[in-house]
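The structure is shown first.

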Amino acid sequence: MKVCALGSGSTGNALLVEGPEGLILVDAGLSWRELKARASRGGFSLAHLKAVVLTHEHADHVRGLETLARRGIPVFATGGTLRALGLEGTAVVPGMELAGLRIFPFPVSHDAAEPVGYRFDCNGLRLGLATDLGQVTPEVMRHLHGCQTVVLEANHDLGMLLAGPYPWPLKTRIMGPYGHLANDAAGQALRTLQGEARAVLLAHLSQENNTPALALETVALALDGWKGRLYLAYPDRPSAVLS
Ligand SMILES: [Zn+2]
Ligand SMILES: [Zn+2]
């Protein structure tokens with residue numbers, strides 16, 4: 001099982017998961033052209049794309065969806081997400097198999113219709129993914145436990161958000177329980193998982209209220225003594241390929 005974030009953050013989210021029988025795209029927030037170009041930079045070919053699964057209906061996760069659907073790529077999402085998008089797709093069911101991976105959606109706390117994170121299981125290996133969440137609930141922790149690879153949101157630094165230019169209502173939305181995860185909160189959650197995850201990819205970093213260095217530093221401090229590796233997802237280019 002390999003994972004590569006093709007793009008991450010409010011400018012567009014898309015992440016590839018490679019299973020034994022092909023590729024799954026988690027979210028489609030980039031144009032087909034960008035997806036193709038970035039996939040090939042990461043060493044993947046979208047000719048092997050079997051399905052797209054959505055976390056929720058916000059524009060930064062679905063902007064490129066229409067082209068994918070037109071190309072006949074099956075779309076899977078929760079019933080709430082499909083209804084919010086007015087889409088025909090198939091409801092994602094826990095334990096269903098796509099590209100040789102077993103897939104388990106789990107609810108996350110975010111201001112969308114029925115937002116989820118995903119866990120992918122394959123031959124005893126587990127990948128957990130949760131971005132766009134205002135808080136790490138016990139349900140999220142339950143699914144991230146035992147994952148060797150974790151993709152987790154590190155959206156903002158609380159100090160930068162508070163001091164930054166956003167209007168107050170937007171700040172409270174981002175900080176709130178249905179908003180986005182702060183670096184500190186991501187670090188605390190990962191600390192609880194310590195020893196289990198071998199690789200962690202920090203994702204959905206804000207370009208206004210965070211810096212890559214700050215996200216890495218905050219999480220690394222919380223994970224003091226951890227033997228795994230930390231990676232970053234980027235808005236404009238593919239991440240490293242984690243396997
Ligand atoms: Zn969102
Ligand atoms: Zn988002």
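Asn-123 counts as exposed because it has 9 C-beta neighbours inside 10 Å; a residue is exposed with 12 or fewer other C-beta atoms within 10 Å of its own, buried with 20 or more, and partly exposed in between, the C-beta atoms being placed from the backbone. Asn-123 lies in the loop between strand 9 (116–122) and strand 10 (125–130); helices (H or I, at least four residues) and strands (E, at least two) are DSSP runs numbered from the N terminus. The model is predicted, so local features need pLDDT of at least 70 and side-chain atom pairs count only at pLDDT 80 or more, while totals for chains, interfaces and linings use all residues. Residues are numbered from 1 along each chain as its sequence is written, and chains are lettered from A and ligands numbered from 1 in the order in which they are written.

| Residue | Loop | C-beta atoms within 10 Å |
|---|---|---|
| Asn-123 | strand 9 to strand 10 | 9, exposed |
| Glu-88 | helix 4 (79–85) to strand 6 (90–91) | 8, exposed |

Phi is positive, near 50°, at Asn-123, a residue other than glycine. Asp-27, also not a glycine, has a positive phi near 70°.

Helix 8 (residues 183–192) packs against helix 9 (residues 212–222) at about 35°, and their axes are 8 Å apart. Axes are lines fitted to C-alpha atoms over the stretch in contact, and angles run from 0 to 180 degrees between N-to-C directions. Residues of helix 8 including Ala-186 and Leu-190 meet residues of helix 9, among them Leu-214 and Val-219. By class, this contact has 7 nonpolar, 4 polar and 2 charged residues; Ala, Val, Leu, Ile, Met, Phe, Trp, Tyr, Cys and Pro count as nonpolar, Asp, Glu, Lys and Arg as charged, and the others, Gly among them, as polar.

Leaving aside neighbours within four places in sequence, Leu-152 is in contact (C-beta atoms, placed from the backbone, within 7 Å) with residues including Ala-130, Ala-186 and Leu-190.

In total the protein has 9 helices and 13 strands. Buried residues are 49% of its 243 residues. Its C-alpha atoms fill a box of roughly 45 × 40 × 35 Å along the principal axes.

Terms used. Contact = placed C-beta atoms within 7 Å.
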